[in-house]
Amino acid sequence: MDILKKIVGIILLVVAVVVAVHTIVEPLYFDSSQSGSGNSEGVWAIINPLSAITVILGLIFGYLRKRDADAADETTVTREFLTANTIFFGFLFIGIMFFWNWFNLLSPAFNAIGPDAVALTWIIVDAGLPILAGALGVHLLLAGTEE
């Protein structure tokens, strides 16, 4: 299981860096005020499936960490308990927002929300996913080395 945790940790860190960097540099080369498809959509078409995998892995490994923290027989709230719960429920929140917005993007028939709401949701996802994936990725890479 340790090798699997390290592999997942690397995947989470790589996707966290890719999403964070692309979110920051995208405005430098893509003007979102212009109508029509641009260079940015092709890049996001690659990043979004990677983000979906990251959300799923984050939920699985975040839940395992939360379960271990919840199983500890301590009467006080520990730092690990808070961290594990924050990461798990953070991934749950980002996952709901991500898949809702991504399925909206994939289905042109869905038009219950306007473009401003879609853009705001992507901003929240693109800011939150790298933080959560990076934190869990580092934890998984360092798992077993804290002793």
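Q: How does D68 count: as buried, partly exposed or exposed?
A: At 48% relative accessibility, D68 counts as partly exposed; buried means under 20% relative accessible area, exposed over 50%, and partly exposed in between, for a 1.4 Å probe and protein chains only. This is a predicted model, in which local features need pLDDT of at least 70 and side-chain atom pairs count only at pLDDT 80 or more, while totals for chains, interfaces and linings use all residues. Residues are numbered from 1 along each chain as its sequence is written, and side-chain values rest on heavy atoms, with hydrogens and water left out.

Q: Which residue forms a salt bridge with D68?
A: A salt bridge requires a side-chain nitrogen of Lys or Arg within 4 Å of a carboxyl oxygen of Asp or Glu. The partner of D68 is R67, with the closest N and O atoms 3.9 Å apart, and R67 likewise counts as partly exposed, at 43% relative accessibility.

Q: How many salt bridges does this rule give?
A: The count comes to 3 salt bridges. One of them joins the side chains of E80 and R65, at 2.7 Å from N to O. Since E80 lies in helix α3 and R65 in helix α2, this pair ties together parts that are 15 residues apart in sequence; helices (H or I, at least four residues) and strands (E, at least two) are DSSP runs, numbered from the N terminus. E80 is partly exposed, with a relative accessible area of 33%, whereas R65 is buried, with 10%. The side chains of D70 and K66 also meet in a salt bridge, at 2.6 Å from N to O, and these two residues lie in helix α2, 4 residues apart, about one turn of the helix. D70 counts as partly exposed at 38% relative accessibility, while K66 is buried, with a relative accessible area of 13%.

Q: What pattern does the protein follow along the sequence?
A: The secondary structure comes to 4 helices and 0 strands, and the pattern read along the sequence is α-α-α-α. The C-alpha trace spans about 55 × 30 × 20 Å along its principal axes, and of the 147 residues, 35% count as buried. A contact is a pair of residues with heavy atoms within 4.5 Å, and among contacts between residues at least 6 apart in sequence, 71% join residues at least 24 apart.

Q: Which residues of the largest nonpolar core touch the most other members?
A: A nonpolar core is a set of buried Ala, Val, Leu, Ile, Met, Phe, Trp, Tyr and Cys residues joined through side-chain atoms within 4.5 Å. In this structure the largest has 25 residues, of which L12, F91 and L136 touch the most other members. Helices α1 (2-29), α2 (39-71), α3 (79-106) and α4 (115-142) each supply at least two residues of this core, and the largest share, 8 residues, comes from α4. Not counting residues up to four places away in sequence, F91 touches T54, V55, G58, L59, L129, L132, A133 and L136.

Q: How is a pair of aromatic rings described, and how many such pairs are there here?
A: A pair is described by the distance of the centres and the angle of the planes. Rings of Phe, Tyr and Trp (its six-membered ring) pair if their centres lie within 6.5 Å, and planes under 30 degrees apart count as stacked, over 60 as edge-to-face and the rest as tilted. The count comes to 8 aromatic pairs, among them the tilted pair of F99 and W102, with 6.3 Å centre to centre and 50° between the planes. Being 3 residues apart in helix α3, F99 and W102 are separated by about one helical turn, and W102 is buried, with a relative accessible area of 15%. Ring pairs link F98, F99, W102, F103 and W122 into a cluster.

Q: What is F99 in contact with, leaving aside its neighbours within four places in sequence?
A: With those neighbours left aside, F99 is in contact with A52, V55 and I56. F99 and L129 are 30 residues apart in sequence and 12 Å apart in space, C-alpha to C-alpha.

Q: Which residues form a nonpolar patch on the surface?
A: Patches are made of residues with over 30% relative accessible area and no salt bridge, with like charges joined within 9 Å and nonpolar side chains (Val, Leu, Ile, Met, Phe, Trp, Tyr) within 5 Å. Here V17, V21, I24, V25, L28 and Y29 form a nonpolar patch, with about 600 Å² of accessible area together, computed by the Shrake-Rupley method with a 1.4 Å probe, where for residues only the protein chains shown count as cover. I24 lies in helix α1 and, at 64% relative accessibility, counts as exposed. The protein exposes about 8,900 Å², of which carbon and sulfur atoms supply 70%.
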